[in-house]
Amino acid sequence: MKAPNPYKILMSGGGTGGHIFPAIAIANGLKQRLEPVDILFVGAKGRMEMEKVPQAGFPIEGLPISGMQRRLTVKNFSFPFKLIVSLIKARRIVNRFKPHVVVGTGGYASAPLLKAAAKARFPTLILEQNSYPGITNRWLGKVVDTVCTAYEGMDKYFPAEKIVVTGSPIRKNILEIKVSVAESRKYFGLEENRKTLLIIGGSQGALRINEAVAKHVEQLLATGIQIIWQTGKFSMDMAQRSVLNARFRNRVALRDFINEMDKAYAAADVVVSRAGAIAIAEIVAVNKPAVFIPLPSAAEDHQTRNARSLVDKGAALLLEEKKAPDEFYRVVYGLLKDEKKQELLKKNLKQFEHGNATEKIVEEVLKLMKQKNG
């Protein structure tokens, strides 16, 4: 008996974990729903996705695309050439692969791939996880079929009839935390019944956040709390020096990177974090009171806009990076000692919950395939 022809899906998401891991989550969700299925990723050569996607078990092809530098550099002169070559190669991939659907979650390669697919009239879907979309997705929103978003009110940027509010895909072990507070604190070598602060700055750490923590760590520990501090590899030495002579240094769990983020969230009473889309989605999912310190240099200051969307509805606190060196202790310990405030933030966070975003996006992809392919 002849095997059925596989469903063919093109995926693109890259540059940062915030684009790559949602794409992988969606790909795995589609793999569970479609049989047989052939999934091919398209990324940008030399970027993080060229390593992470094969590690997740999916093939990937690279385009020579890169971003425009904000300042005038020699690299900008090659950008138009790389874009043209990438558009040509993307068109060849689309025409050769003949996908049932093309999904983009952001990153340099998404633009040429989704543009080529839309022009060839293949079904297309993009995911916009930020409350303020970048230029590429605003442009793609005009040509793709469906736009999945993490926030309400995105009809300011995309055609209203294309928008589906799904939330952001996050790791399943975080969505369904199964470890207790006591077990989690024990995992980090901390005490079971002591208030715990979790500090995360993204997978690479965050220098300015780490400097603010280092300045105030002894003062924080003197209040009786304990700290889980993800420093990133570049700030680990500085963080170690800052706690070396602290009286209560045994109450600080230093990690350059935390793989077991479900345990870190479970252990925490309060979280200090950057305000990338994935960080916010995870904090909403685990329902933890948070102080966001947005990265001010993020494209079009989207992290501040992300944080503001929660702050304006009483669901989080915001501390500007430039004020962190002076105000970190006041803002962070102020929240840690105010249990009524914590409960209010947790209550208000619930309005941002979207359940299992990955499943919702998979449903939209399947719906689009059915509409377009019959």
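Let me start with a definition: buried means under 20% relative accessible area, exposed means over 50%, and partly exposed is in between, with a 1.4 Å probe and protein chains only. Hi everyone; this is a predicted model, where local features need pLDDT of at least 70, side-chain atom pairs count only at pLDDT 80 or more, and totals for chains, interfaces and linings use all residues. Residues are numbered from 1 along each chain as its sequence is written, and side-chain values use heavy atoms, leaving out hydrogens and water.

Helices here are DSSP runs of H or I with at least four residues, strands are runs of E with at least two, and both are numbered from the N terminus. Take helix H4, residues 110–119: eight of its ten residues are buried, so the rest of the structure largely encloses it. Among those buried are Ser110, Pro112 and Leu113. After H4 comes Arg121, with a positive phi near 65°.

Now the cores. A nonpolar core is a set of buried Ala, Val, Leu, Ile, Met, Phe, Trp, Tyr and Cys residues joined through side-chain atoms within 4.5 Å. The largest one has 55 residues, and Leu10, Leu198, Tyr265, Phe292 and Leu310 touch the most other members. H4 is one of the elements giving two or more residues to this core, while H11 provides the largest share, five residues.

Finally, Gly355, in the loop between helix H14 (339–349) and helix H15 (357–373). Is Gly355 buried or exposed? At 53% relative accessibility, Gly355 counts as exposed. Neighbours within four places in sequence aside, Gly355 is in contact (heavy atoms within 4.5 Å) with Leu175 and Lys360.
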